[in-house]
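I opened this model to look up its salt bridges, its chain contacts and its nonpolar core. My entries follow in the order I made them.

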Amino acid sequence: MRFTRFVRRLVLLAALPLLLLAIPAAAVATASAATTTGWIRLAHLSPNTPAVDVYLYSFGDSSAQIVLHHVAYGTVSPYEQVPTGDYTVAMRAAGAAATSAPVLSASVDVVAGHAYTVAGLGPESGLRLQVLDDQLTTPSGKALVRVIQASLKQSVVSVNWGGQPLDGSLKFGSVSSYQTVSAGTATLTVSGGGDQATATVPLAAGTVHTLVVLDGPKGLQIDDLLDAAGSGTAPAGGAATGFGGMAPHGPSSPLPWLAAIGAGLLLAAAGGLRIRARRVPAAAAGGRHHRVPAARS
Amino acid sequence: MAALLVAAGLVAAGAGAVGLVVTRHADVPQAAALQVLPVPTGPIEAAPATGAAQVAEPVSLVIPSIGVSTSLVHLGLTSSGALQVPPTTAVAGWYTGSPRPGAIGSAVIAGHIDSVAGPGVFYRLSQLQRGDRVYVRRADGTLAIFEVTQVQSYPKDSFPTTAVYGPVPDPELRLITCGGTFDYSTRSYLSNTVVYATQAS
């Protein structure tokens, strides 16, 4: 009886390290790139509207998060990274009190990982604030490009990049959708009403551009904005950046030890059985021996 | 004789159990103590607003809080399309297919966590904390300064290609090294550590 309990304990002892081994394997953490911010940039693209002060308010907060002073026609701010949520963009005449009623305002819902351009577009008489959803992904090895037509002098323009028409007739105050183009450097041509402007524009793979058509001092003018940039070609998979010299050296195979335990237990069990087999007849014989001396006394 | 057999068996089983327990302890190599480095100084160049302007190529990297100071080699792609890694474990490398650090976009710098014998240049990368600063010096002597926003670990078979290599609208940096379990059968780590940083304002 005591023998079998010992064997049971031994088996438990042998199993315990196996259980311990299983724990770290189950505790593999999973990671997720939780982003909680987006981007906003502000632009003044109304040719006959004087300079403005642009305010960015987080919804429900009366103190402005960002104030851009004296923003003139053709100005586009860099992107500002902001927490996700609702925002209000307000435009006031340059120098107007922050407490005065804005000329214009628009609301923006910033979604995680998204970028927005809030642009004053159109003529002063019909000025509007438009929220543009800026794209941040390109097809592999390609570039994306869109055009904002902010020339009042030429109310309709056509845009060509390297002979490829990006837009045949873009009206003043409108924004084309993004188009995918093969990466490279080519001549951009904007023409309308006998006026024409050209620029050599490099569109690298993995980049997103907004081309702004403006009224310059000498007619049409092109402004190339880099909306976003990434790797032209994304490497496949992860990076092989380690050789294991500082890795914990994994435990050696448990099999020889398990075999030793198993063989030992078998041996002990065989021995135990032989003892029992011998003890049963011995016990029967021993009973007789005891009775004989008892009878004698 | 039978008792001897039992005793021998129990001794063998006991020795096996002891051996099993003792060899379950993994051997964890220890690196030298961390030495925090001084903050580099130099002219700081703000990010260009448009794509027309270009910043100079990166030449070196300093991460004071984890004692990293290294020159930067150029990394391309392997024949199978994976990211090339630095030829030695003592230097980090900038992926030339990514934007230059400080220009608009996600610049990518990779380095080894270890060699076969000891720590590599990015051994302590996973110890970076949100807000830690990363300094990249460029060929014209200017500095681009970044602030860590996230430190993440991903299994290599589910590497977040878009988050790491995809376009972003502001100057950002990605630092990549290995991590997680080392698979002795393939002699490679099963995970990658990725540090996300944005340009400090």
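**Entry 1: salt bridges**

I started with A:Arg41, which forms a salt bridge with A:Asp227, and I read 2.7 Å between the closest N and O atoms. A:Arg41 lies in strand E1 (residues 37-45) of chain A and A:Asp227 in strand E17 of chain A, so this pair ties together parts 186 residues apart in sequence. I noted that A:Arg41 and A:Asp227 are both buried. I keep in mind that this is a predicted model.

Next I looked up A:Asp134 and A:Arg146, whose side chains meet in a salt bridge at 2.6 Å, N to O. This pair links distant parts of the chain, with A:Asp134 in strand E9 (residues 128-134) of chain A and A:Arg146 in strand E10 (residues 142-150) of chain A, 12 residues apart. A:Asp134 is buried, and A:Arg146 is buried too.

In chain B I found a salt bridge between B:Arg133 and B:Glu147, with the closest N and O atoms 3.1 Å apart. B:Arg133 sits in strand E5 of chain B and B:Glu147 in strand E6 of chain B, so the pair ties together parts that are 14 residues apart in sequence.

Which residues do salt bridges with shared partners join into one network? I listed A:Arg41, A:Asp134, A:Arg146 and A:Asp227. Over all chains the count comes to seven salt bridges.

**Entry 2: chain A against chain B**

I then turned to the interface. How many salt bridges does the rule find across the interface of chain A and chain B? I wrote down zero. Polar contacts are present, with 17 residue pairs counted between chain A and chain B, both residues at pLDDT 80 or more.

On the side of chain A that touches chain B, the elements giving two or more residues are helix H1 (2-26), strand E17 (219-229) and helix H2 (255-296) of chain A. H2(A) gives the most, with 14 residues. I sorted the residues of this side into 38 nonpolar, 23 polar and five charged.

For contacts, I have 66 residues of chain A against 75 residues of chain B. The size of an interface is often given as the accessible area lost when the parts come together, so I looked that up as well. The area buried between chain A and chain B is about 5500 Å², and carbon and sulfur atoms give 68% of it. In chain A, the residues that lose the most area to chain B are A:Thr241, A:Phe243 and A:Met246, together 15% of what that side buries.

**Entry 3: the largest nonpolar core**

I recorded 22 residues in the largest nonpolar core. Those with the most contacts inside this core are B:Leu61, B:Ile63, B:Ile109, B:Phe122, B:Leu173 and B:Leu175. Several strands of chain B give two or more residues to the core, including E1 (58-63), E4 (105-110), E7 (171-183) and E8 (188-199). The largest share, three residues, comes from E6(B).

I followed up one of these residues. What does B:Leu61 touch, not counting residues up to four places away in sequence? Among the residues I found are B:Val68, B:Leu72, B:Ala92, B:Ile109, B:Phe122, B:Val134 and B:Val136. B:Ser69, B:Thr70 and B:Tyr135 are touched by B:Leu61 as well.

Key:
Residues numbered from 1 in each chain as written. Chains lettered and ligands numbered in written order. Predicted model: local features only at pLDDT ≥ 70, side-chain atom pairs only at ≥ 80, totals over all residues. Heavy atoms only, no water. Contact = heavy atoms within 4.5 Å. Buried area = accessible area lost by both parts, 1.4 Å probe. Salt bridge = Lys/Arg side-chain N within 4 Å of Asp/Glu carboxyl O. Polar contact = N/O pair within 3.5 Å; in protein donor to acceptor, adjacent residues only side chain to side chain. Helix = DSSP H or I, 4+ residues; strand = E, 2+ residues; numbered from the N terminus. Nonpolar A, V, L, I, M, F, W, Y, C, P; charged D, E, K, R; others polar. Core = buried A, V, L, I, M, F, W, Y, C linked by side-chain atoms within 4.5 Å. Buried < 20%, exposed > 50% of the residue type's maximum accessible area, 1.4 Å probe, protein only.
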